[in-house]
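Hello,

Here is the structure I promised to pass on to you. Have a look at it first, and then read on for what turned up in it.

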Amino acid sequence: MPADNDPLCIDFVTSDQQAEALKLVLMSCPAEQRLDQVRQLLAASRRGQFSLEHLLGASRGGKLVGAAWITMQPGRTAAVWPPQLGPLEPAATADLLLAELNKIAAEHGVRLAQALLPAHDAQSADILARGGFSHTADLAFMVSSRTQFPTEQPVGVLEFVPYTLQDSVRMANLIEQTYVDTLDCPELNGVRTINDVLDGYAATGQFVPERWFFIRHDLGDVGCLLLTEHPGERQWKVVYVGIIPQARGHGWGAESILHAQWAAGIAGAERFVLDVDTRNHPAIRLYEQVGFTIWDQRAVLLRVFES
């Protein structure tokens with residue numbers, strides 16, 4: 001076993017170290033799930049679904065004693081898996097790993113880095129806080145199964161008009177309007193440009209323009225509904241749904257979600273998922289009314305980098 005006084009080396013892991021590094025990174029996951037997740041990640045990487053090029057390892061005497069991971073994402077964002085350490089490794093190693101992740105993010109022009117932590121992972125939260133991250137919100141992850149989907153197209157007062165790539169300015173302006181007085185992570189308003197936000201939305205799941213909708217009433221745009229599919233999982237997701245302030249209070253959010261469930265059902269989806277800020281009590285009640293239940297909760301820790 002390497003001693004604490006052995007020289008510490010922090011570098012990107014080699015291909016033959018990836019499995020061991022991922023086991024460390026996923027240390028907060030239940031042990032019975034960790035090996036399966038590592039296998040899935042390695043297989044997805046080999047298929048080119050994402051890159052492990054920014055998987056960092058900390059080594060002493062040739063032995064891996066810590067690991068951390070950052071993945072760059074469209075919209076000038078990055079997902080961070082905070083440093084995890086082996087037995088007896090000093091906390092300073094985690095700080096050095098996170099400092100290197102922050103450096104990588106800055107070099108790649110990241111504006112917003114995000115880590116999602118289990119509520120009980122206070123140790124990782126402390127590491128991230130020392131590295132400039134702040135606990136911004138808690139997210140509830142909700143799911144509805146196919147048995148909850150409407151079997152016939154819901155009847156209502158709204159019109160759902162599919163988006164086209166020529167509508168990008170119209171959609172951007174509409175989304176910005178829906179952010180006014182939002183209860184979903186209001187701290188993020190203005191952190192990124194609306195074009196960065198749209199790029200991030202489009203990178204979620206499998207982007208198909210026709211699954212993004214303008215929500216219209218009396219010939220005017222009153223909101224938007226952005227849906228995506230994860231084909232291999234037979235799962236659809238609400239990327240974003242929003243109603244402009246002057247159109248709220250009419251039950252149109254629920255009507256929009258029912259339309260989304262119906263569209264997912266006729267496309268053969270088995271599940272529909274979404275996430276919501278736990279402070280947004282009206283939205284959670286709405287989702288529960290149309291058959292969603294909470295299956296997980298995560299703390300959101302964010303760091304904003306200078307433009």
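Which kind of contact do the side chains of Glu-187 and Arg-279 make? They meet in a salt bridge, with 2.8 Å from N to O. Please keep in mind that this is a predicted model. The pair ties together distant parts of the chain: Glu-187 lies in the loop between H5 and helix H6 (194-202), while Arg-279 lies in the loop between S11 and H8, 92 residues apart. Glu-187 is partly exposed, at a relative accessible area of 38%, and Arg-279 is partly exposed too, at 39%.

The count of salt bridges comes to 12. Another of them joins the side chains of Asp-221 and Arg-170, at 2.9 Å from N to O. This pair also links distant parts of the chain, with Asp-221 in strand S9 (residues 220-230) and Arg-170 in helix H5 (residues 168-178), 51 residues apart. Asp-221 is partly exposed at 24% relative accessibility, and Arg-170 is partly exposed at 31%. Through salt bridges with shared partners, Arg-170, Arg-216 and Asp-221 form one network.

Next, the helix H2, which covers residues 31-46. Its 16 residues reach 24 Å from the first C-alpha to the last, close to the expected 22 Å. Val-38, Leu-42, Ala-44 and Ser-45 are its buried residues. Viewed down the axis of H2, they fall within an arc of 160°, so they line one face of the helix. Helix H1 (18-25) is part of what covers them. The face turned away from that buried side carries the exposed residues Glu-32 and Arg-39.

Arg-39 also takes part in a salt bridge with Asp-36, at 4.0 Å from N to O. The two are 3 residues apart in H2, so about one helical turn separates them. Arg-39 has a relative accessible area of 52% and is exposed, whereas Asp-36 is partly exposed at 35%. Just after H2, Gly-48 takes a positive phi of about 80°.

Finally, the sheet. It is open, has 12 strands with mixed pairing, and runs in the order S1-S2-S3-S4-S5-S12-S6-S11-S10-S9-S8-S7. Strand S1 (8-12) and strand S7 (159-162) are the edge strands, each pairing on one side only. From one strand to the next, the twist averages 30°. Strand S10 (residues 235-243) and strand S11 (residues 271-277) pair in the parallel sense over 3 bridges, and Trp-236 has Phe-272 as its bridge partner in S11. Helix H8 (residues 281-289) packs on the sheet, where it touches strand S6 (134-145), S10 and S11. The direction of H8 makes about 165° with that of S11.

Best wishes

Technical notes. Residues are numbered from 1 along each chain as its sequence is written. This is a predicted model: local features need pLDDT of at least 70, side-chain atom pairs count only at pLDDT 80 or more; totals for chains, interfaces and linings use all residues. Side-chain values use heavy atoms; hydrogens and water are left out. Helices (H or I, at least four residues) and strands (E, at least two) are DSSP runs, numbered from the N terminus. The expected span of a helix is 1.5 Å times one less than its number of residues. Buried means under 20% relative accessible area, exposed over 50%, partly exposed in between (1.4 Å probe, protein chains only). The arc is that of the directions from the helix axis to the C-beta atoms. Contact means heavy atoms within 4.5 Å. Two strands pair if DSSP finds at least two bridges between them. Axes are lines fitted to C-alpha atoms, for helices over the stretch in contact, and angles run from 0 to 180 degrees between N-to-C directions.
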